[in-house]
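Student: Could you walk me through this structure, please? I am new to it.

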Amino acid sequence: MTDTHTGGDVRLSGIGKTYGSFTAVHPLDLTVPQGSFFALLGASGCGKTTTLRMIAGLEEPTTGTVFLGDRDVTDLPPYKRPVNTVFQSYALFPHLSIYENVAFGLRRRGIKSVKKQVDEMLDLVQLGDKARHKPHQLSGGQQQRVAVARALINHPQVLLLDEPLGALDLKLRRQMQLELKRIQTEVGITFVHVTHDQEEAMTMADTVAVMNAGRVEQLGAPADLYENPRTTFVANFLGTSNLIEAEVVQAGSDIAVTAGGGTLRLPADRCSADTRRGGKLLVGVRPEKITLAHADDAGAIADGRNRVTGRIVDTSFIGVSTQYVVDSPAGAALQVYEQNIERDSRLTPGAEVVLHWNPAHTFGLDAAQDIDAGVEKVEDAA
């Protein structure tokens, strides 16, 4: 299927939005490459939906310009932009069949022969056998695919997706993530997807922009954001990070720090902070990178690994892994995820343990930041 438009990147230049004295989006520059699957990720109220609505033309920017390719579309109404939006609510016409829902956009433009295009679209979203059904006869995931087909049939340059899987249960959401990624790959249209779900963004997107309080904190490929967070917000919001307050004692291609009476090392190129001797640093390591050894086995740990001693305060068995919480002089409530391959029955609450990991798996952040930024609180998840 070929796009009838000349295509081009989505470019936001100095785009910002204020409501009275409240700034929803601070002026930002953002480029979404043509044909990519791009996610705007953040907690509710971070400005991601406002940004999407400014691309759609549903919200007027206070400052800045929206370009589609080389075309300035800032002042164009939504229906004149080569953009379609899919919302969480699906917004299907309940009285029309699935076939007529998908054909709606073409018929409204006065196109008479729609059968071939509608059939192609229904095949793309794997709903060819449901053409005569009404929306209420379909599951939530199927209705969402109809909404995508209805939007794509107009051959937009850009498909905007606003929390499209938010109403689905977890298993269906995971299936739909793969489904949307497959559709995007097949049609090659630029998808811009807004979500608060980290796993969703990382599963589907080529590039993720992590937003916080109306600003883009960090932009990059999912694996790069996860492995090399630049701020405590990104480190905590994308998965879980152990952040340990430390002091630099030696700087070079490797950095040595002291924390809780012990020495830890990390590569200088994984550090996004000032590493002068005597300076403070937040040392980070992901829970799955750490190995847990009972204190009796400490002598068997290979040389050259970062080590922290501690005591297990809690364990949770979650099938694929066991999650441990360990208190140590380096930090309280350090998290360790161990795959359930050969479980050590001694690793129970109260046990003295050594946490050890490869120094290469350690990153460093500026200690002036809030160590808990981006940690999801119970009330946030509600």
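Here are a few questions and answers on helix packing and salt bridges.

Tutor: Welcome! This is a predicted model, where local features need pLDDT of at least 70, side-chain atom pairs count only at pLDDT 80 or more, and totals for chains, interfaces and linings use all residues. Residues are numbered from 1 along each chain as its sequence is written, and side-chain values use heavy atoms, with hydrogens and water left out.

Student: How are α2 and α4 oriented to each other?

Tutor: The axes of α2 (residues 98-108) and α4 (residues 140-152) come within 7 Å and cross at roughly 30 degrees. Angles under 35 degrees count as roughly parallel. The two helices, α2 and α4, are therefore roughly parallel.

Student: Which residues of α4 does α2 meet?

Tutor: Contact means heavy atoms within 4.5 Å. From α2, the residues I98, N101 and V102 take part, and in α4 they meet V146, A149 and R150.

Student: Is K115 buried or exposed?

Tutor: K115 forms a salt bridge (a side-chain nitrogen of Lys or Arg within 4 Å of a carboxyl oxygen of Asp or Glu) with D119, the closest N and O atoms being 2.5 Å apart. Buried means under 20% relative accessible area, exposed over 50%, and partly exposed in between (1.4 Å probe, protein chains only). With 52% relative accessibility, K115 is exposed.

Key: Axes fitted to C-alpha atoms, helices over the stretch in contact; angles between N-to-C directions. Helix = DSSP H or I, 4+ residues; strand = E, 2+ residues; numbered from the N terminus. Parallel < 35°, antiparallel > 145°, perpendicular 65-115°, else oblique.
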